[in-house]
Amino acid sequence: MKVLVIPMAAMAETGGPSSRCKSLAEGYKKAGIEVATCMAEDINFRKIDGIRNFYLDVPMPLGLPRFIATRSFPIAEKLGITARKTVNSFDQVLTFTGNLNYRYLKKSVESVRRAVQDFKPDIIYSEFNISAIIAAKAEKIPLYTTVSYPTQHEYAHNSKLAAGLNKLLNELSLPEVESALQLFDWADRRFCPSIYELEPIEKLKGISEGICYCGTFKAAEEFRTSEQAETDKKTDTGKEHRSRNRILVYMGNGTISASKTLKVMKEAFRDSEYDIYIASKKLREESDGNIHVAPRWDFSKLLPESVLFINHGGQNSIADGLLYGVPELIVPGKVFERKYNAKSVEDNGAGTVLPYTDFDATNIMALTEKTVRDRSFERNARSLGQKLLDAGGVEKIIDTFYRL
């Protein structure tokens, strides 16, 4: 049995698809299933040891010519132009990243089909990759996909963005769609890397079956159990005290710029009781008193000692915080998916949401105190994190592979 895993590609930093691809590929390999990836060598690419990777084209933002995109996009990111853009639906993300451009679709589908003809997989697994879905149907191979609540056609879509996609579908004698997001409904199996409490897709779509909730794709042994996650100890006098004092900050490729993040964090927390760790590839590495900045931090080491996780509401960030029982302060900005994730966490009592227009030191300090001092946020985060672990993860996906 063989499986080919294909994550979404993009020039912009978006760690979710590539990290889940790695977890899936390593999980399949560990289970004794022959696995390969078809992964573009974009900014998010990381080689996976011992697993063959087939070539996949890198999409250019808005379908621009490569020589223009590779020069203009980094400048637009640096100036904050991309961060200021409002994003209302996932097909808008696909358009902006170039994944719905007709020329890109045509050549990337051909690349996937070449990988299929070489590797001969029994299943294609699309990690939000549109080209993989089309290639699977063209090659008549069973298709698995990752899905989420806010990327559903019923949640939000823009039919005007499907012209190039439908042109290719017609050429391949495949049915047209109203939006690219309907392609996810073509899958034989759909897996949500979350839990029903956070993403009730069945309720949105009005169905009673068809979505498999598998929680986190990360291995359960990476995380402490609920008992180990308990961070409040009893002193000899019987009084409680908190052993954690760190705040982890990761705003990713979001509405709030890296420079503003650093400025506000310093204003809010300089010389405070908290040690602040900011992860950003766009900032110079430094340690200024209790403020520490690096391109990346080992979240598995910092989150167990953190009282708060300030983030942009990306799915991976949300899950990481919950898995370690850390309350979250979320600034989702103008991106639809992050707004949904943030509200979902807040509705479940595991964090608070801060509008990007209110991102300043005064509000950050006030919400930090509210979220850290109210122990219910931590208890709710830990409860959701345990449910994410209990959902089965990659092993649940592999089990369905054997039952195909």
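Predicted model: local features only at pLDDT ≥ 70, side-chain atom pairs only at ≥ 80, totals over all residues.
Leaving aside its neighbours within four places in sequence, which residues is Tyr28 in contact with?

Figure 1. Residues are numbered from 1 along each chain as its sequence is written, and side-chain values use heavy atoms, with hydrogens and water left out. Tyr28 belongs to helix H1 (residues 15-30); helices (H or I, at least four residues) and strands (E, at least two) are DSSP runs, numbered from the N terminus. Beyond its neighbours within four places in sequence, Tyr28 is in contact (heavy atoms within 4.5 Å) with Val3, Val5, Ile33, Val35, Tyr125, Tyr144, Ile397, Ile398 and Phe401. Tyr28 has a relative accessible area of 0% and is therefore buried, a word that stands for under 20% relative accessible area, whereas exposed stands for over 50% and partly exposed for the range in between (1.4 Å probe, protein chains only). Between the C-alpha atoms of Tyr28 and Lys2, which are 26 residues apart along the chain, the separation is 9.1 Å.

**Figure 2. The chain as a whole.** The chain contains 15 helices and 16 strands. Of its 404 residues, 57% count as buried. Among contacts between residues at least 6 apart in sequence, 65% join residues at least 24 apart.

Figure 3. Strands are said to pair if DSSP finds at least two bridges between them. E1 and E2 run parallel and are joined by four bridges; the partner of Leu4 in E2 is Ala36. E2 also pairs in the parallel sense with strand E3 (residues 52-54), over three bridges, and here Ala36 has Arg52 as its bridge partner in E3. E2 is mostly covered, with four of its five residues buried.

**Figure 4. The largest nonpolar core and helix H5.** A nonpolar core is a set of buried Ala, Val, Leu, Ile, Met, Phe, Trp, Tyr and Cys residues joined through side-chain atoms within 4.5 Å. The largest one has 54 residues, and those with the most contacts inside it are Leu4, Ile130, Ile134, Leu165 and Leu183. Among the elements that each supply at least two residues are strand E1 (2-7), strand E2 (34-38), helix H4 (102-119) and helix H5 (130-138). H4 gives the most to this core, with eight residues. Ile134 touches Leu105, Val109, Leu165, Leu168, Leu169, Leu172, Leu174 and Leu183, not counting residues up to four places away in sequence. Another core, of 27 residues, lies apart from the largest one and includes Tyr274, Ile278, Val293 and Leu329. In H5, eight of nine residues are buried: Ile130, Ser131, Ala132, Ile133, Ile134, Ala135, Ala136 and Ala138. These buried residues pack against E1, H3, H4, strand E4 (123-127), strand E5 (143-146) and H6.

Figure 5. Seven strands form an open sheet with mixed pairing, in the order E12-E13-E11-E10-E14-E15-E16. Strand E12 (286-288) and strand E16 (351-353) stand at the edges; each has a single partner strand, so one side of each is left without a neighbour in the sheet. On average, neighbouring strands of this sheet are turned by 15 degrees against each other, direction ignored. Strand E10 (residues 246-250) and strand E11 (residues 275-279) run parallel, joined by four bridges, and Arg246 has Asp275 as its bridge partner in E11. Helix H9 (residues 258-269) lies across E10, E11, E12, strand E13 (291-294) and strand E14 (306-311), and runs at about 160 degrees to E13. Axes are lines fitted to C-alpha atoms, for helices over the stretch in contact, and angles run from 0 to 180 degrees between N-to-C directions.

**Figure 6. Packing of helices H11 and H14.** Helix H11 (residues 315-323) packs on helix H14 (residues 375-390) at an angle of about 110 degrees, with the axes 7 Å apart. H11 and H14 are therefore roughly perpendicular to each other, a term for angles of 65 to 115 degrees. H11 contributes Ala319, Leu322 and Leu323 to the contact, and H14 contributes Ala381, Arg382, Leu384, Gly385, Leu388 and Leu389.

**Figure 7. Two loop residues with positive phi.** Ser173, in the loop between H6 and strand E6 (189-192), has a positive phi of about 60 degrees although it is not a glycine. Ser173 counts as exposed, at 67% relative accessibility. Asp271 is in the loop between H9 and E11; although not a glycine, Asp271 has a positive phi of about 65 degrees. Asp271 is exposed, with a relative accessible area of 67%.

Methods. Parallel < 35°, antiparallel > 145°, perpendicular 65-115°, else oblique.
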